[in-house]
Each structure stands twice: as structure tokens, then as C-alpha cells.
Amino acid sequence: MTQVIVLNGGSSSGKSGIVRCLQAVLPDPWLALGTDTLVEAMPASMQTSDGGIAFAPDGGVTVGPEFRALEAAWLEGVAAMARAGARIVVDEVFLGGADSQRRWQKVLGDLRVLWVGVRCDAAVAAGREVARGDRIIGMAASQAEVVHRGVAYDLEVDTAHAESMECARTIAAHVV
């Protein structure tokens, strides 16, 4: 039985909408956790320290050692919840591509995971980014492809060509 669904895609690719739809269509309750949840849980000082997380004016994101330490604890915590019986959908942005996936693979090791790539044309994601108004302009375009480099998926969906509910139903059909 699938215990964790990991959705990876760039900013404004449509992951959060898919997560909400998955929670509506999957027969059992699934927790939604993601990188935004982690960043929001961190103290504001993490965004002003060299060791934390920084968002450049062009949308670039850099992280330091303090962020990585908290992220490692977060990953272990998500895996522990899954091992304790919670079903979890992870909304992620693999800024490090394959290296980011390896961090998750290490902690999720023995769990049944469905790896899903959420693709979206950079121009479409950039348009969504502007419409949202809560993101740094340029983040969507800079992340659209880099987050998928070297990442292996069980399934990919494209939100530039399918609505969130359609993507969620496609993903749900692969949950066993």
C-alpha cells in the first residue's frame, strides 16, 4: 500500500492544487506537508542569516547549513509519521534535482512511495506566479526545469495541459 506520495515541481507548477484534489479523491485521509510548510515553520531569522534560506530578487533560492540541518530533521519527521501510519502527500521543490530526491529516498527507505513529477511550461508557471502575487517574480521560470534534473519518477503530470483534478485522478489511479 502506498504510504507517501511525493510531488516534485517548480514554484507555481500546480502542486498545491493537485494536493488539495488528491485529498478530495483518495478514499483515506492523507496529510499534506511540503517545503512551504517547513519554511513557514522556521523562525524569521532563518531568512536573514547566511546559514538559513535566502530568496534572491530574480527568484533564485539558496540554502545554508542551518537550513539543511532543520530540513534533515523535517524529512526524518515526515518519514516517522508515515511509519506510524499516516498517509502523506509531500509538496516539494527539488532545487538540487537528483540530490534532493536522494535525501528523501534515504529517509523514506522502506516505505512505499509514489514519485510524481509535476511539469509545467515555464511561461505558464510564470503567468501563474504573476497572478498569485505572493511569489518573487522569476522563481517559477528559474525552477521549471532544474527541479527535474536527474530525478526518477513513477509518474509525471503536466499542469499546463491538464487541470488539477484531472492530474489528481491520474495520480490516484497509481496509488495502491
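Predicted model: local features only at pLDDT ≥ 70, side-chain atom pairs only at ≥ 80, totals over all residues.
Colleague: With which residue does Asp28 form a salt bridge?

Modeller: A salt bridge is a side-chain nitrogen of Lys or Arg within 4 Å of a carboxyl oxygen of Asp or Glu, and by this rule the count comes to 9. Asp28 pairs with Arg87, their closest N and O atoms being 2.8 Å apart. Asp28 sits in the loop between helix H1 (15-25) and strand S2 (31-34), and Arg87 in the loop between H3 and strand S5 (88-92), so the pair ties together parts that are 59 residues apart in sequence (helices, H or I of at least four residues, and strands, E of at least two, are DSSP runs numbered from the N terminus). Arg87 counts as buried, at 13% relative accessibility.

Colleague: Which residues are linked in a network of salt bridges?

Modeller: Arg68, Glu71 and Arg103 are linked in this way. Arg68 and Glu71 approach to 2.7 Å between their closest N and O atoms, and, being 3 residues apart in helix H3, they are separated by about one helical turn. The side chains of Glu71 and Arg103 meet at 3.5 Å, N to O; Glu71 lies in helix H3 and Arg103 in helix H4, so this pair ties together parts that are 32 residues apart in sequence. Glu71 is buried at 9%, whereas Arg68 is partly exposed at 32% and Arg103 is partly exposed at 26%.

Colleague: How are the axes of H3 and H4 arranged?

Modeller: Two packed helices are described by the angle and the distance between their axes. The axes of H3 (residues 65-83) and H4 (residues 98-108) come within 9 Å and cross at roughly 40° (axes are lines fitted to C-alpha atoms over the stretch in contact, with angles from 0 to 180 degrees between N-to-C directions). H3 and H4 are therefore oblique to each other (under 35 degrees counts as roughly parallel, over 145 as roughly antiparallel, 65 to 115 as roughly perpendicular and the rest as oblique). The contact (heavy atoms within 4.5 Å) includes Trp74 and Leu75 of H3 and Trp104 and Val107 of H4.

Conventions
Residues numbered from 1 in each chain as written. Heavy atoms only, no water. Buried < 20%, exposed > 50% of the residue type's maximum accessible area, 1.4 Å probe, protein only.
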